[in-house]
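The structure comes first, then the terms and the values.

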Amino acid sequence: MQNMTRTITAITLIGGFAAAAQVQAQEVTLRLAHLWPEVSGNHQRVMQAWADQIEEESNGRIAVEVYPGGSLVPPPDQYDAVSDRIVDVTATVQGYTANRFPLTQIVELPGVSDSGAHGACILQSLYDEGHLDAEYEDTHPLFMFTHGPGMFHVVGTEIREPSDLQGLRIRRPTTVVGNILEELGAQAVGMPAPESYTAMQRGVIDGVALPWEATIGFRLAELVDSHTEIAGMYTLSFIMTMNRGVYESMSAENRAVIDANSGLDWAVLAGEVFDDLDQAGIDDAMANDRPINVIEGGTSHPDWAPAMERSLERYLSEVEERGLPAREVYDRAMELRNTCDA
């Protein structure tokens, strides 16, 4: 009996030491909230991949809990949730908080980028060069990226020329894209991407402005009747960012892990994932024999160019009226367009 008691005591002590070691190993637990569904490629290949990389490179000192699909915080509130430390990290759309990131959203203007990876390089480079610093004093940005070319996905009709958009209720992701839609004669309806399916299903909207990726990621392929590509119309900006106080309170060793998983490499990876998923959306549309209208020349087409140019000029002028260097940042973005393409 005495030997059995000693054995039980030893096992208890070993278990206690193991539990204590595990608690000690996980110095920090980060809660990461984002907007994409758990089944989406964005969640699996970017958000969860980043979380796994952080845990691996920190040897378990940093644990990351991932909350996809707006399950912890609704998408429009995710940036503020990080700033207010409701969550520690988020990946969200800057434009969901209107007029807060006007220089960042210059990357969304017509003709700035051609793909997710291209736009990510432009946007991250603008940030790395210091052009956007003043817009992110309340959080610690990790990396920024864009999705692939935004386009139209509609029900009950086809869009071949601007007049086909007259009066259509089209979901817009941000005010920048809303300006484009208004110049084309559509009625812009603001809502986060995850709400698009229900809104389209109920007839609240006639279509959406989203990249190909979203037709699968948000199940819109089940509802859409036709697609229209206008190359260069817009690409949406995103940010992966962290609560500044949480970052600064971490040990130098742990901050080094976060730093190693920030910046251009992760930005471009996120853009490349969007580009891969765009191809999956195209393949799905073709397999289901849904019409795909491709506007020759994209935003340079004579029928479409005037509205694109008006929306661009309108946005730059409005931002400049706020005393911000809109045209300076736009000019640099267009220079980066060439270097990032290379």
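Ala, Val, Leu, Ile, Met, Phe, Trp, Tyr, Cys and Pro count as nonpolar, Asp, Glu, Lys and Arg as charged, and the others, Gly among them, as polar. The model is predicted: local features need pLDDT of at least 70, side-chain atom pairs count only at pLDDT 80 or more, and totals for chains, interfaces and linings use all residues. Numbering starts from 1 along each chain as its sequence is written, and side-chain values use heavy atoms, without hydrogens and water.

Start with the pocket (on a 1 Å grid over the protein atoms alone, an open set of points where a 1.4 Å probe fits, with protein on both sides within 12 Å along at least five of seven lines). The largest pocket holds about 190 Å³ of space, a volume being the space filled by probe spheres set on the points. It is lined by 13 residues, and Asp114, Pro149, Glu229, Ala231 and Gly232 are the closest to its centre. Lining residues have an atom within 4 Å of a point. By class, five are nonpolar, four polar and four charged.

Now the rings. Rings of Phe, Tyr and Trp (its six-membered ring) pair if their centres lie within 6.5 Å; planes under 30 degrees apart are stacked, over 60 edge-to-face, the rest tilted. The count is 11 aromatic pairs. Tyr127 and Tyr136 have ring centres 6.0 Å apart and planes at 85 degrees, so this pair is edge-to-face. Phe143 and Phe145 have centres 5.8 Å apart and planes at 40 degrees, so they are tilted. Phe143 and Phe145 also belong to one aromatic cluster with Trp36, Phe238, Trp266 and Phe274.
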